[in-house]
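Here are my notes on the model you sent over.

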Amino acid sequence: MRKIISLILLLSIVNSTFCQETVVFSTKSSSPKEKKKRNGTSGYDNVVKIAPLSFIIGKIPVYYERRINDFISVQAGLGLTSKHYFNDILYSDGEGPKDNFFKSLKWNDANTTENFADNSPYGGDGRKYNLGYTFSVEPRVYFDTDEGLDGFFLGIGYTKSRFNYSSKAVANNVSTLTYTGATVKEFDNLSTLMVSFGSQIMYDHLSLEYTGGVGLRSSKGERYIYTSNGSTGKYATGTGIVDKTGLAFDLTLRVGYHF
């Protein structure tokens, strides 16, 4: 009986020792994406951005970029439009681009071009800026496919911007220029299709983007205009139609927060 008990105890000890020696402790390795998230440089799928210098061209947008896969993302923007400081400089009073701008307009009723005694197209003689809107969408392809939204990219984007103005009305059929006190509404609708190329750098929860682009822009709108009749010396008022298409260029700096 003692021999049997001793044998059982011996087998138990051997079995216990064997089990302890065969236990394997494994650690789950982190995926590359998880490592990047901890490092704070890439691997995030969302970026919210602003363009701090866009107020110069009358835009105050907010952008959201979403990662679709390792090399494709979509960026959308939405915001307000206001005073266009750059055009205020370009279309200042005096001889120059302003006069050429108004000479290119056509009366909405007579369909003719004349030399207009006019308001400055952007901000002169009582013209005021009212709030408008802007929105955009841009699919992007990133070249550094293992870095997500970090690196060089190529995008094709569409932007629609509405600029609203109001201007003082002029008394019609009088020989002396007189403002009536009433206001008339004016607007510009800009539609832009652009190819852009840039770089986005991811820091710890912050992003910095440099973008340049070239494309086509369609501009349609209305301007309140008046001219002096050469034969009678009296002023005539009307609406100038803006309708043109041309090249458009873009240089944008964006800063954001990625998560």
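1. Let's begin with E65: its relative accessible area is 0%, which makes it buried (buried is under 20% relative accessible area, exposed over 50%, partly exposed in between, with a 1.4 Å probe and protein chains only). Keep in mind that this is a predicted model, where local features need pLDDT of at least 70, side-chain atom pairs count only at pLDDT 80 or more, and totals for chains, interfaces and linings use all residues. Residues are numbered from 1 along each chain as its sequence is written, and side-chain values use heavy atoms, with hydrogens and water left out.

2. What does E65 pair with? Its side chain meets that of R140 in a salt bridge, 3.3 Å from N to O (the criterion is a side-chain nitrogen of Lys or Arg within 4 Å of a carboxyl oxygen of Asp or Glu). E65 is in strand β2 (residues 59-67) and R140 in strand β5, so this pair ties together parts that are 75 residues apart in sequence. R140 is buried as well, with a relative accessible area of 0%.

3. R254 belongs to strand β9 (residues 235-258) and E209 to strand β8, so parts 45 residues apart in sequence are tied together. R254 counts as buried at 8% relative accessibility. Through shared partners, salt bridges join K49, E65, E138, R140, E209 and R254 into one network. The structure holds ten salt bridges.

4. R140 lies over the face of F153, 3.9 Å from the ring centre. For R254, the charged end is over the ring of Y63, at 4.3 Å from its centre.

5. On to the aromatic pairs, of which there are seven (ring centres of Phe, Tyr or Trp, the last by its six-membered ring, within 6.5 Å; planes under 30 degrees apart are stacked, over 60 edge-to-face, the rest tilted). F143 and F197 have ring centres 6.3 Å apart and planes at 45°, so they are tilted. F143 is in the loop between β5 (128-142) and β6 (151-170) and F197 in strand β7 (residues 179-202), so the pair ties together parts 54 residues apart in sequence. F143 is partly exposed at 48% relative accessibility, and F197 is partly exposed at 45%. Y257 and F259 are stacked, at 6.1 Å centre to centre with 25° between the planes. Ring pairs also link F143, F152 and F197 into a cluster.

6. For the overall picture, the chain has four helices and nine strands (DSSP runs numbered from the N terminus: helices are H or I with at least four residues, strands E with at least two). From the N terminus, the order is α-α-β-β-β-α-α-β-β-β-β-β-β. Of the 259 residues, 38% count as buried.

Notes: A charge sits over a ring if NZ of Lys or CZ of Arg is within 6 Å of the ring centre and within 35 degrees of the ring normal.
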